Amino acid sequence: VIGFLYSAVMDNDTTDICRKLNGQTRAIDDLVSAKFDPPNHFNCRSILIPISASEGIPEGGFTQFNYSA
């Protein structure tokens, strides 16, 4: 595993933070971004999907988990 993809359930109950983080990626050793690893709130339905070395680094590199309200 070289990184993670943030995946949120996208519906009318999705919070702003999870909506913003959905689809973002982070490297496995990016501890700054790790502070946004789910769960981010009560009843959070988001997950991290592992990115394997065989899949490679996402095109454009890792985006980092970034949430600014």
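Is His 41 buried, exposed or partly exposed? In this predicted model, His 41 counts as partly exposed because its relative accessibility is 26%, where partly exposed covers the range between buried, under 20% relative accessible area, and exposed, over 50% (1.4 Å probe, protein chains only).

The model is a prediction in which local features need pLDDT of at least 70 and side-chain atom pairs count only at pLDDT 80 or more, while totals for chains, interfaces and linings use all residues. Residues are numbered from 1 along each chain as its sequence is written, and side-chain values use heavy atoms, with hydrogens and water left out.

**View 1. The whole protein chain, with one helix and three strands.** Along the sequence the elements follow the pattern β-α-β-β, where helices (H or I, at least four residues) and strands (E, at least two) are DSSP runs numbered from the N terminus. The C-alpha atoms fill a box of roughly 35 × 20 × 20 Å, taken along the principal axes. The radius of gyration of the protein chain is 12 Å, which agrees with the value near 11 Å that a compact globule of 69 residues would have; this radius is taken over C-alpha atoms, and the globule rule is 2.2 Å times the number of residues to the power 0.38. Of the 69 residues, 30% are buried. The protein chain exposes about 4500 Å², of which carbon and sulfur atoms supply 54%, with accessible areas taken from the Shrake-Rupley method with a 1.4 Å probe and, for residues, only the protein chains shown counting as cover.

**View 2. Strand β1 and its two antiparallel partners, β2 and β3.** Strand β1 (residues 3–7) is joined to strand β2 (residues 25–27) by three bridges, and β1 pairs with strand β3 (residues 47–51) over five bridges; two strands pair if DSSP finds at least two bridges between them. Within these pairings, Phe 4 has Arg 26 of β2 as its bridge partner, whereas the bridge partner of Tyr 6 is Leu 48 in β3. In a regular strand the side chains alternate between the two faces of the sheet.

View 3. Thr 25 counts as buried because its relative accessibility is 8%. Leaving aside neighbours within four places in sequence, Thr 25 is in contact (heavy atoms within 4.5 Å) with Phe 4, Leu 5, Ile 51, Pro 58, Gly 61, Phe 62, Thr 63, Gln 64 and Phe 65. One of these residues, Gln 64, lies in the segment after β3 and has a positive phi near 70°, in a residue other than glycine. Gln 64 is partly exposed, with a relative accessible area of 44%. For the protein chain as a whole, 69% of the contacts between residues at least 6 apart in sequence join residues at least 24 apart.

**View 4. Met 10 and Asp 11 in the loop between β1 and α1.** Not counting residues up to four places away in sequence, Met 10 touches Arg 19 and Asn 22, while Asp 11 touches Arg 19 and Arg 45. The C-alpha atoms of Met 10 and Ser 46, 36 residues apart along the chain, are separated by 9.3 Å, whereas those of Asp 11 and Ala 53, 42 residues apart along the chain, are separated by 31 Å.

**View 5. The loop between β2 and β3, with Pro 39, His 41 and Asn 43.** The peptide bond from Pro 38 to Pro 39 is cis, with omega near 5°. His 41, leaving aside its neighbours within four places in sequence, is in contact with Thr 15, Ile 17 and Cys 18, and the C-alpha atoms of His 41 and Leu 31, ten residues apart along the chain, are separated by 19 Å. Asn 43 has a positive phi, near 65°, in a residue other than glycine, and at 57% relative accessibility Asn 43 counts as exposed.
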